[in-house]
Amino acid sequence: MKERRSSQKLSLKSGMDPSQSVKCKIVVVGDSQCGKTALLHVFAKDCFPENYVPTVFENYTASFEIDTQRIELSLWDTSGSPYYDNVRPLSYPDSDAVLICFDISRPETLDSVLKKWKGEIQEFCPNTKMLLVGLSYDQGSNMAKQINAPYIECSALQSENSVRDIFHVATLACVNKNGKHVKRNKSNRANKRISHMPGRPDLSAVASDLRKDKAKSCTVM
Ligand SMILES: Nc1nc2c(ncn2[C@@H]2O[C@H](COP(=O)(O)OP(=O)(O)OP(=O)(O)O)[C@@H](O)[C@H]2O)c(=O)[nH]1
């Protein structure tokens, strides 16, 4: 198992009593093999489970502080298999939140959010908060490494900046090819953006530049 550590910055509503710990029950659902157990293992046990073992039910606990407030989480791992559709609902009572997980590299697991998970949660715990969680984003960057290419994520629907960033990076890839120079008769926008770069920048510098600018909802890895 690989050891992992991460830190999070969160803040709580004011008015909570720091001498009392806050207890929350969080249930994790989503299609089979979308990564629920790995998510919980890394959070609660600081290690990534190397082998896949199908879950029936599993409980984890985690405690930590946010803004000096003690938090105790009870985390319920469930099976994504339809075989356990009749027993999974046993985990929903008294839950404060349900994480609906999907694997970003398997679109069918995102389809299931509407086809299956939303309805199940509305039936068994309609007042519980739902959070949608996209897992395994490394799959895209791993594929990019395999083909020796930069990796960029984009939403044409929601972020014009992310679209522009793709063509920014693509343009830099073109002009960085051996012997090829930026032509001055490109569109104004392209010239303007490229002219921000000192000399002929390399792609890794651009990638790290864009990573710092995550608010634009574009990720370059
Ligand atoms: N590349 C990659 N693989 C992952 C990640 N998380 C989990 N996996 C792999 O995905 C497979 C399924 O992971 P689990 O966490 O067991 O999936 P699950 O959703 O709990 O599956 P069920 O118990 O069947 O509901 C395993 O082989 C994991 O190693 C991730 O972030 N990246």
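Analyst: Let's start with a term: pLDDT is the predictor's confidence in each residue, from 0 to 100. A contact means heavy atoms within 4.5 Å. Over residues 1–9 pLDDT stays under 50, and the model has 16 contacts for them beyond four places in sequence. Residues 184–220 also stay under 50 in pLDDT, with 53 contacts beyond four places in sequence. Where pLDDT is low, the predicted coordinates should not be read in detail.

User: What should I keep in mind about how this model was treated?

Analyst: This is a predicted model, in which local features need pLDDT of at least 70 and side-chain atom pairs count only at pLDDT 80 or more, while totals for chains, interfaces and linings use all residues. Residues are numbered from 1 along each chain as its sequence is written, and side-chain values use heavy atoms, with hydrogens and water left out.

User: How confident is the predictor in the protein, and where is confidence lowest and highest?

Analyst: The average pLDDT of the protein is 80, and 73% of the residues score at least 70. Confidence is lowest in helix H5 (residues 188–195), with a mean of 39, and highest in H2, with 97. For the complex, the predictor gives an ipTM of 0.99 and a pTM of 0.77.

User: How many helices and strands does the protein have?

Analyst: There are 6 helices and 9 strands. Both are DSSP runs numbered from the N terminus: helices are H or I, at least four residues, and strands are E, at least two.

User: What makes the pair of Asp85 and Lys116 a salt bridge?

Analyst: The term asks for a side-chain nitrogen of Lys or Arg within 4 Å of a carboxyl oxygen of Asp or Glu. In the pair of Asp85 and Lys116, the closest N and O atoms are 2.8 Å apart, so the pair meets that cut-off. The pair links distant parts of the chain, 31 residues apart: Asp85 is in the loop between strand E5 (69–78) and strand E6 (97–103), and Lys116 is in helix H2 (residues 107–124).

User: How do you know that Glu120 and Arg88 form a salt bridge, and which parts does the pair tie together?

Analyst: Their closest N and O atoms are 2.9 Å apart. Glu120 lies in helix H2 and Arg88 in the loop between E5 and E6, so the pair ties together parts 32 residues apart in sequence. Asp85, Arg88, Lys116 and Glu120 are linked in a network of salt bridges. The structure holds 7 salt bridges; another one joins the side chains of Arg70 and Glu65, at 4.0 Å from N to O.

User: Why are Glu120 and Arg88 called buried?

Analyst: Buried means under 20% relative accessible area, exposed over 50%, and partly exposed in between (1.4 Å probe, protein chains only). Glu120 has 9% relative accessibility, so Glu120 counts as buried. Arg88 has 1%, and therefore is buried too. Leaving aside neighbours within four places in sequence, Glu120 is in contact with Arg88 and Tyr92. Across the 221 residues of the protein, 33% count as buried.

User: What do Asp85 and Arg70 count as, then?

Analyst: Asp85 is at 27% relative accessibility, so Asp85 counts as partly exposed. Arg70, at 33%, therefore counts as partly exposed as well.

User: Which residues surround the ligand?

Analyst: The ligand is surrounded by 18 residues, and the closest are Ser32, Lys36, Thr37, Tyr52 and Asp138. A residue belongs here if one of its heavy atoms lies within 4 Å of the molecule. Helix H1 (36–45) and helix H3 (138–146) each supply at least two residues of this shell, and the largest share, 3 residues, comes from H1.

User: How far from an oxygen atom of the ligand is a backbone N or O atom of Thr55?

Analyst: The distance is 2.9 Å. A polar contact is a pair of N or O atoms within 3.5 Å, so this pair qualifies. For Gly35, a backbone N or O atom lies 3.0 Å from an oxygen atom of the ligand.

How values were computed: A polar contact is a pair of N or O atoms within 3.5 Å; within protein, one must be able to donate a hydrogen and the other to accept it, and residues adjacent in sequence count only if both atoms are side-chain atoms.
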